[in-house]
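Here is a short note for a colleague opening this entry for the first time. Please keep the sequence and the model side by side while reading.

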Amino acid sequence: MGEGKEDGPGSKMWNAFCSMCVGMVVFPLSLYLLGSNEQTYMCTHKSIIFADQKSKVVQCDQPDLADGIAFMSCPIKEESLMSFNGVSFGATGIGNAIQFKSAAAAMKAEMFQCVEYSKEQKIGNDTVKVYSYKMEWKDFLVDIYKFSWTAQAITASDYGCPGLTPGQGGHIWPSDVPKGTVRLYAPTLRAGPLIIDSELMKGGYASGLSINFATPVNLNGFRSSFEGFDQLPMTKLVQSMIQPVTHHASNWYDTVKNHPVFTNPGSPGGGHPAGHPQPAHGHHGRRLFDFTNPFGHTVKAMDMSSVGPQNAAIDGSGTYVITCQQQRIGCVRIQFFKNWDTLVTMVAAVQGGSTLPVDVPASWGCGADKFQALEGGHDSKTSFFTMMEEENTSYTWMMRIFGLLLTWAAVYCCFAPIAGAIDVVGDCIRGIPCLGQFLEDLLEGMVTCILCVVSCGFGCSCGLFVIAVMWLYMRPLYGAGLLLVCAVLAAGAYFLGQGSKSKDSRNLVSELVPMTEGNQA
């Protein structure tokens, strides 16, 4: 396949000016991002320092607790944990068949569905979409009625999703099972002498009581509340007589081109007329076989209007509520997760034995703010506040690097017309015999390097200047020091450049004077 045709001079300059416009928009946004990042860092840092200095350590068995700002690291009282069941998450069909206690929990529901993938493929002078299909667990409903109905797509779906007829048998999500993942927190929790509210459980400025999605709730203890696993529907085996597209005969593309769409069976213009039976083998020669399981009863159809103890079971691993013995289209599985922490470490304001956010007064150029933090596990006061400071610093440096790189890229885009003009000149130079390609690459490479260096210097210096100005506004002493460093570096670079220029001038004069004297002689 030959290379694509290169853009002309007009197209190159148009693209360059578009890049310049993008750079002119992104540059001030990147400077705003850097300034905002510094302000966020400083205000968070101020809140952490305030809470650290004002908080008092609370003992887990402390009987009388005065109002104020408290730091506490104590066990969670088990009797205060919330009892979760199916109804808690909206799975009314499961009801109380599953129950467990935790401070936070989640339910994840998935359905085994047919999923469509496509990629473009070059066939001669045409570019066509080639479709493939896979059966996968998804936590949302896949609309199969939006699948492609080209001849190749239908044949591919026959192979990838046996048993699924285009236009028929679409996925149906149970009405009493919420799609995706539902997360819940207990309204309150008791640890030590304090009552912790749900907002603090989510973490505030720390990680909070996170739900552990790596360790699902073990459901083996609820197995007797559900139907036996061996009583669930088994897979209806499907034997496809059509191989996937990679094994198709060479004329599959002609079929796509000549018969681009297969309409819905029973619809005007294609398929089988309404009310007429399908051929015994199904469309495209697909044979269906009913499987009889070893326990002596035949395949049962899945009732997907609801999921509950009457039509679901606990699978062999003890981690899923599932509606079929083997993976099949329309099968539903449900997992439950929870927080496993038994201790909490927190800092918050206390009023009447309950937690509230700390009121942080305005200072350092920051307005008044609210602050509270909680994480699972035991920690000392020093390490807890150090951890929050480290997280704040790490995030700030990550955003600083990203913002400076963004300013660099934005300024480079502003110089795009220069690079575009050199590219056009390079196209002209290319016509020189023997050396044309070399000279073009040399010229464009030199200009690109120069633009990169200049844009880096200008963009990053502007970004650093914004950072210094923000520190000058919020912490004048630190900001003045940063600006002084920038000024010293800039002055050093200037005088270095002037010194190099003067030296070059003197060398040039010393070379020209003897030449002039020789000519006069």
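The points below cover the cysteines, then two further residues.

1. **Ground rules.** This is a predicted model, in which local features need pLDDT of at least 70 and side-chain atom pairs count only at pLDDT 80 or more, while totals for chains, interfaces and linings use all residues. Residues are numbered from 1 along each chain as its sequence is written, and side-chain values use heavy atoms, with hydrogens and water left out.

2. **Disulfide count.** A disulfide is a covalent bond between the sulfur atoms of two cysteines. Here it is called when two cysteine sulfur atoms lie within 2.5 Å. By this rule the chain has four disulfides. Count the bonded cysteines along the chain, and the pattern reads 1-8, 2-3, 4-5, 6-7.

3. **C60 and C74.** The sulfur atoms of C60 and C74 are 2.1 Å apart, and the two residues form a disulfide. The link is left-handed, with -105° about the S-S bond. It connects distant parts of the chain: C60 is in the loop between strand 1 (56-57) and strand 2 (68-75), C74 is in strand 2, and they are 14 residues apart. Helices (H or I, at least four residues) and strands (E, at least two) are DSSP runs, numbered from the N terminus.

4. C60 counts as partly exposed because its relative accessibility is 35%. C74 is buried, with a relative accessible area of 0%.

5. **C114 and C161.** This pair also forms a disulfide, with its sulfur atoms 2.1 Å apart. The torsion is 85° about the S-S bond, and the link is right-handed. C114 lies in strand 5 (residues 104-123) and C161 in the loop between helix 2 (151-160) and strand 7 (180-185), so the pair ties together parts that are 47 residues apart in sequence. Both C114 and C161 are buried.

6. **C324 and C331.** A disulfide joins these two, S to S 2.0 Å. It is left-handed because the torsion about the S-S bond is about -100°. C324 is buried at 1% relative accessibility. C331 is buried too, with a relative accessible area of 0%.

7. C434 counts as exposed, because its relative accessibility is 81%.

8. **T319.** Look in the loop between strand 12 (313-314) and strand 13 (321-322) for T319. T319 counts as buried because its relative accessibility is 16%. Its side chain makes a polar contact with the side chain of S317 (2.7 Å). A polar contact is a pair of N or O atoms within 3.5 Å; within protein, one must be able to donate a hydrogen and the other to accept it, and residues adjacent in sequence count only if both atoms are side-chain atoms. Neighbours within four places in sequence aside, T319 is in contact (heavy atoms within 4.5 Å) with P216, V217, L219, I334 and Q335.

9. **S47.** This residue lies in helix 1 (residues 9-54). S47 is buried, with a relative accessible area of 0%. Which residues does S47 contact, leaving aside its neighbours within four places in sequence? They are V360, D369 and F371.

Notes:
Buried means under 20% relative accessible area, exposed over 50%, partly exposed in between (1.4 Å probe, protein chains only).
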